[in-house]
Amino acid sequence: MCGIVGYAGSRQAAPVLLNGLEKLEYRGYDSAGVCVHNAEGLVAVKAKGRLSVLKDRLEGGSALPGCVGIGHTRWATHGAPSDVNSHPHLSYTGKIAVVHNGIIENEARLREKMLRKGATFVSETDTEVVANLIGYYYEKTGDFVRAVRETVTRLEGSFALGILCADLPGTIIAVKKDSPLIFGFGDGEHFVASDVPAILKYTQTVAYLEDGDMAVFDANHVTFYDSTGEEVEKVREKITWEMSAAERGGYDHFMLKEIFEQPKALRDTISPRLRDGKITLDGVELSAEYLRGLRKIYLVACGSAYYVSVLAKYIIEKNCRIPAEAMMASEFRYCDPVVDEKNLVIFVSQSGETADTLAALREAKTRGAHTLAIVNVVGSAIAKAADQVIYTWAGPEIAVATTKAFSTQLAVVYLLAMQMAKTLGTMSDEQYATIVEGLEQLPYDVDQVLSPKYLERCQYLASRCCGHHDAFYIGRNIDSGICMEGSLKLKEIAYLHSEAYPAGELKHGPISLIEDGMLVVALSTVRELFDKTMANVKEVKARGADVLCITLEDLEEQAGKIADNTIGIPAIHPMLQPSLSIIPLQLFSYYVALARGCDVDKPRNLAKSVTVE
Ligand code: M6R
């Protein structure tokens, strides 16, 4: 979604802002702009399209002198992508410039109000309403800080704002609610950004703004205020990862780099939680008495994190014998869920900022449920709002299509399910010990499926299949959850229409779509269901489908007698098998996307973290 960066210091601001915006490109955007305060006042330059268009317009930044400024990448919500709808937006008074992430829900009412007061609008955006409100209150009070305060108390919805005032060269105000914003401390310079990579080149010392916080700063001073207007000290935190973690490091795409980072990400997520053959999830207190009293565990998330939740349902029910249900966060929120203190609600999110997941979490808390979050981004809104949090240690994930975050979320689900099973006594000591061993071994197993043999096979199959227009992913039991994720990967980066169906459900409708040449990816790694799934493969073959079957190595030959093509993966503990099955599907989608000439890391219309409903 949108990205914000702000700078006050002694360097030229425009190149710093452009550099920061470049690091935020991964979030997804369709236009960009910067505003710098210089001798001419507030000068804004904006451009629809890729950042390179803006860069060209600004000659890399040199065409826009000035040492203080704000920049933005916009993902259109109110009004189409265009130069005029791009941020920064100037107030009708010409005195205020604003960049904004989030959505102002009472925008229409505020626009009406400002029109009545004589304001004019040039764009269709909710952000211009904010600029005009601040402009109006600034005219009234002559006080920049007060004007911002008067405005934010009137805003409904979510916002992270970076604001300049023509009368106060050198000063930037940053304020937020329900949209992330970090403050960066430099030597004689200060930064603000929606995400760490935007400023990591310049500083590793940051403070995370809380909802309602405001930072008023110039190159040398910063004052933080909380939501009541009280001055507060913010804790300075050190970013522990290096810029290289957010760079491609020799790989053609972030997605490929992140696919290859999975063994390490799994090791980082699993190892610290295994001690003396025991799983220990620090900070997670779920007593046997509490677990026994649960009516149901809900798992709530969006996109790939939802598919992890689908897998978690199988894993938790099988091992802990507690009913579990996966729900999409966007549905959970408005379905009047039967949730109270007898429910544990688990939220899964890479970014920790997904608007629907955050709103669902608040809903669950309001209804009295205990909440637990599985999150990758430390200190994110979901991590802070949940009663308990388990971090996935995947490191920064830049590609829009998730890979290593998905794998580490799944690893946390294994750990959590095992810890609960142990507490409840629903699993024998032998079974527990076997799984702990399997978890220790998992990063090495994943590494094997990333060997040249698999890469070449996936690349070859992708070149064979990239001409298809439609695909079905079919599988049973936990394979069906992995099919959903595999199918989403193909859709989002290769723009190929694809649907995932439990294999047994196919004949209840969708099989009517199977015709000559239709691609069917059949996942068959659940040994006891192999024959059943292969029977479904026969059904689609009989109707002309081109079938790619992914199965266990020892079953590959048998599968090859029915399917057109096969990939055999090593058999590991059945519960952990999804962690291996997903790898060829990620690689397959990646290579299909490449073969189709798609922009793998920045797929059209998508954003890395979806901070609007
Ligand atoms: O940051 P989150 O995990 O909450 O994001 C949820 C989805 O938006 C995300 O998984 C999305 O589906 C990815 N693009 C999938 O690759």
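## A first walk through the model

Ser82 sits in the loop that joins strand E4 (68-74) to strand E5 (89-90). Before going further, please keep in mind that this is a predicted model. Ser82 counts as buried because its relative accessible area is 19%, and buried means under 20%. A polar atom of the Ser82 side chain lies 3.1 Å from the backbone nitrogen of Asn85. Beyond its neighbours within four places in sequence, Ser82 is in contact with Ser31, Lys48 and Arg74.

Gly517 is found in the loop between strand E24 (497-502) and strand E25 (519-524). With a relative accessibility of 33%, Gly517 is classed as partly exposed. When residues up to four places away in sequence are set aside, Gly517 touches His468, Gly544 and Asp546. Glu325 is 192 residues from Gly517 along the chain, and the C-alpha atoms of the two are separated by 36 Å.

| Residue | Loop between | Relative accessible area | Contacts beyond four places in sequence |
|---|---|---|---|
| Ser82 | E4 (68-74) and E5 (89-90) | 19% | Ser31, Lys48, Arg74 |
| Gly517 | E24 (497-502) and E25 (519-524) | 33% | His468, Gly544, Asp546 |

Next comes a helix. H11 covers residues 355-366, twelve in number, and from its first C-alpha to its last it reaches 17 Å, close to the 16 Å expected at 1.5 Å a residue. Which residues of H11 are buried? They are Ala355, Asp356, Thr357, Leu358, Ala359, Ala360, Leu361 and Ala364. After H11 comes Gly368, which has a positive phi, near 95°.

Rolling a probe the size of a water molecule over the atoms shows where empty space is left. The largest pocket has a volume of about 1100 Å³. How many residues line the largest pocket, and which lie nearest its centre? The lining has 47 residues, and those nearest the centre are Tyr208, Trp241, Asn376, Val377 and Val378. At least two lining residues come from each of strand E15 (237-238), helix H7 (262-270), H11 and H12. By type, the lining of the largest pocket is made up of 21 nonpolar, ten polar and 16 charged residues.

Methods: Residues numbered from 1 in each chain as written. Predicted model: local features only at pLDDT ≥ 70, side-chain atom pairs only at ≥ 80, totals over all residues. Heavy atoms only, no water. Buried < 20%, exposed > 50% of the residue type's maximum accessible area, 1.4 Å probe, protein only. Polar contact = N/O pair within 3.5 Å; in protein donor to acceptor, adjacent residues only side chain to side chain. Contact = heavy atoms within 4.5 Å. Expected span 1.5 Å × (residues − 1). 1 Å grid on protein atoms, 1.4 Å probe; cavity = no way out; pocket = protein on both sides within 12 Å on 5 of 7 lines; lining within 4 Å. Points joined across faces, edges and corners; volume = space filled by probe spheres on them. Nonpolar A, V, L, I, M, F, W, Y, C, P; charged D, E, K, R; others polar.
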